[in-house]
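Here is a friendly briefing to read alongside the coordinates. Please keep the viewer open as you go through the points.

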Amino acid sequence: MLRLLAGLVFLLVLIAPAQAQAQAQAQVFRCHGPEGNTVFSDTPCGKDAETIELRDNRIGGRFNQNLPATEAVTPESKEPSDKASEPDTCRFINSTDLRRYLIREQIVQGMTREHVRRAFGDPPETYGAPREVWIYQSRYYGALHELTYVYFKDGCVERVEYRKP
């Protein structure tokens with residue numbers, strides 16, 4: 001028991017200086033150099049040294065800790081849209097996900113017409129009224145296997161339906 005206690009005390013003695021050193025390294029000072037340039041240092045570099053607070057930017061822990069807070073949309077702040085024209089943009093799909101969808105020939109909500117063309121090609125059948133619909137045919141050993149209906153709203157994919165013929 002005494003050996004265990006002595007071992008614990010020994011470990012605490014080893015860890016304490018490393019902890020203090022890590023905390024000391026976290027400080028950064030900003031000074032104005034003699035030539036008018038700004039100098040950053042981990043030790044005070046002059047009489048006018050300002051302490052700089054560093055944000056923790058490590059990955060892990062809380063997932064979105066360094067992202068700006070999102071603003072909640074309240075029903076009062078929504079403006080009624082009187083225009084039925086094309087929006088500025090469709091739903092944002094990051095480039096990695098978009099590339100994955102296109103390689104898999106997969107259509108998801110929020111894609112543009114160009115994304116659909118890149119995934120499936122030009123549609124063999126289209127209808128413009130009352131709502132724009134593109135219809136694609138999937139064939140299996142020459143026989144019609146499945147129909148894919150891509151519904152657009154304001155130039156963006158609203159929904160995708162897969163139907164058997």
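This is a predicted model: local features need pLDDT of at least 70, side-chain atom pairs count only at pLDDT 80 or more; totals for chains, interfaces and linings use all residues.

Strand E6 (residues 143-153) runs antiparallel to E5, and eight bridges join the two. Residues are numbered from 1 along each chain as its sequence is written, and side-chain values use heavy atoms, with hydrogens and water left out.

**Strand pairing**

- E5 and E6 form a hairpin with two residues between them, and Tyr141 in the turn has a positive phi of about 55°.
- E5 also pairs with E4, in the antiparallel sense and over three bridges.
- One of the contacts in that pairing joins Glu125 to its bridge partner in E5, Ile135.
- The hairpin made by E4 and E5 has five residues between the strands.

**Overall layout**

- The chain has three helices and seven strands.
- Read from the N terminus, the order of elements is α-β-β-β-α-α-β-β-β-β.
- Of the 165 residues of the chain, 18% count as buried; buried means under 20% relative accessible area, exposed means over 50%, and partly exposed lies in between (1.4 Å probe, protein chains only).

**The disulfide**

- The count comes to one disulfide, taken as a pair of cysteine sulfur atoms within 2.5 Å.
- Cys90 and Cys156 form this disulfide, with their sulfur atoms 1.7 Å apart.
- The torsion about the S-S bond of Cys90 and Cys156 is about -90°, so the disulfide is left-handed.
- The pair links distant parts of the chain, with Cys90 in the loop between E3 and helix H2 (95-103) and Cys156 in strand E7, 66 residues apart.
- Cys156 counts as buried, at 10% relative accessibility.

**Salt bridges**

- The count comes to seven salt bridges, each being a side-chain nitrogen of Lys or Arg within 4 Å of a carboxyl oxygen of Asp or Glu.
- One of them joins the side chains of Arg30 and Glu50, at 3.4 Å from N to O.
- Arg30 lies in strand E1 (residues 28-32) and Glu50 in strand E3 (residues 50-52), so this pair ties together parts that are 20 residues apart in sequence.
- Both partners are partly exposed: Arg30 has a relative accessible area of 29%, and Glu50 is at 34%.
- Arg131 forms a salt bridge with Glu158, with the closest N and O atoms 2.9 Å apart.
- That pair also links distant parts of the chain: Arg131 sits in the loop between strand E4 (125-127) and strand E5 (133-140), and Glu158 in strand E7 (residues 156-163), 27 residues away.
- Arg131 is partly exposed at 34%, as is Glu158 at 24%.
- The side chains of Asp122 and Arg117 meet in a salt bridge at 3.2 Å from N to O.
- Here Asp122 is exposed, with a relative accessible area of 61%, whereas Arg117 is partly exposed at 33%.
- Arg159, Glu161 and Arg163 are linked in a network of salt bridges.

**Helix details and the surface**

- Asn94 caps the N-terminal end of H2, with a side-chain oxygen 3.2 Å from the backbone nitrogen of Thr96.
- Just after H2, Glu105 takes a positive phi of about 55°.
- Leu2, Leu5, Val9 and Val13 form a nonpolar patch on the surface, with about 420 Å² of accessible area together.
- Such patches are made of residues with over 30% relative accessible area and no salt bridge, where like charges are joined within 9 Å and nonpolar side chains (Val, Leu, Ile, Met, Phe, Trp, Tyr) within 5 Å; the areas come from the Shrake-Rupley method with a 1.4 Å probe, and for residues only the protein chains shown count as cover.
- In general, an α-helix has 3.6 residues a turn, so residues three or four places apart point the same way.

Note on methods:
Helices (H or I, at least four residues) and strands (E, at least two) are DSSP runs, numbered from the N terminus. Two strands pair if DSSP finds at least two bridges between them. A polar contact is a pair of N or O atoms within 3.5 Å; within protein, one must be able to donate a hydrogen and the other to accept it, and residues adjacent in sequence count only if both atoms are side-chain atoms.
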